Amino acid sequence: MLSLVVLISGGGSNLRALLEASEDAEFPARVVAIGADRDADGLALGEEFGVPTFTVPYSSHADREAWGDELLAQIQQWQPDLVVLSGLMRLLPPRVVAALSPNLVNTHPAYLPEFPGAHGVRDALAAGAGQTGASLIVVDNGVDEGPIIAQERVPVLAGDTETTLHERIKTVERRLLVQAVLDIANGHVNLKELSHT
Ligand code: GRF
């Protein structure tokens, strides 16, 4: 059974998809803890699904490194097999990436390497792209530059706003994330090999 710590900043719909998948006894992964960098709405899913939560507020630390060290300590208490960044809106300091790599993945609302960064959906709209996508990557020290585990195209439709496009992308993200966790747990995806390519 693959144990997961999932880190969020927002509503946690990707996290919910993982928690719902885990309710199936056949699903080979379990969320053992949920962490956040702020008082994220998605932390409520901890109570709903009986999963412990922790918060390491970015704002109450002197700098990114101090925040990262505390976050890492909290994560490591759970000894997870895999850490999933599921809408965490902070860059992890290099030493946190080094400590968790290659068992550290991130979901991103664009077809990487197109539109990396915090505003992938807005940037695709601003560029007038006819299509964008969703990607799941292994995290390295770049900004959304790590090896791609899975990705899928999503069309941009006439009249899309950032909200409507993001919702369409998130439908795909949730499916990719659940499938990738399944593939990692079953050994069909090997993160160590991927991160050396
Ligand atoms: C996802 O699109 C994720 O890729 C992005 O933030 C969104 C999180 O959505 N970085 P949710 O909190 O899982 O609903």
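In which loop does Pro102 lie? I found Pro102 in the loop between α4 (94-100) and β5 (104-108), where helices (H or I, at least four residues) and strands (E, at least two) are DSSP runs numbered from the N terminus.

I note that this is a predicted model, in which local features need pLDDT of at least 70 and side-chain atom pairs count only at pLDDT 80 or more, while totals for chains, interfaces and linings use all residues. Residues are numbered from 1 along each chain as its sequence is written, and side-chain values use heavy atoms, with hydrogens and water left out.

Backbone entry. I looked up the peptide bond from Ser101 to Pro102 and found it cis, with omega near 5°; a cis bond also joins Leu112 and Pro113, with omega about 10°. Pro113 is in the loop between β5 and α5 (120-126), and Phe115, which has a positive phi of about 50° without being a glycine, lies in the loop between β5 and α5 as well. Most residues other than glycine have a negative phi, and most peptide bonds are trans.

Ligand entry. I checked the 13 residues around the ligand (a heavy atom within 4 Å), of which Gly12, Ser13, His166, Lys170 and Glu173 come nearest. For polar contacts (pairs of N or O atoms within 3.5 Å; within protein, one must be able to donate a hydrogen and the other to accept it, and residues adjacent in sequence count only if both atoms are side-chain atoms), I noted that a polar side-chain atom of Lys170 lies 2.7 Å from a ligand oxygen atom, and that a side-chain N or O atom of Glu173 is 2.5 Å from an oxygen atom of the ligand.
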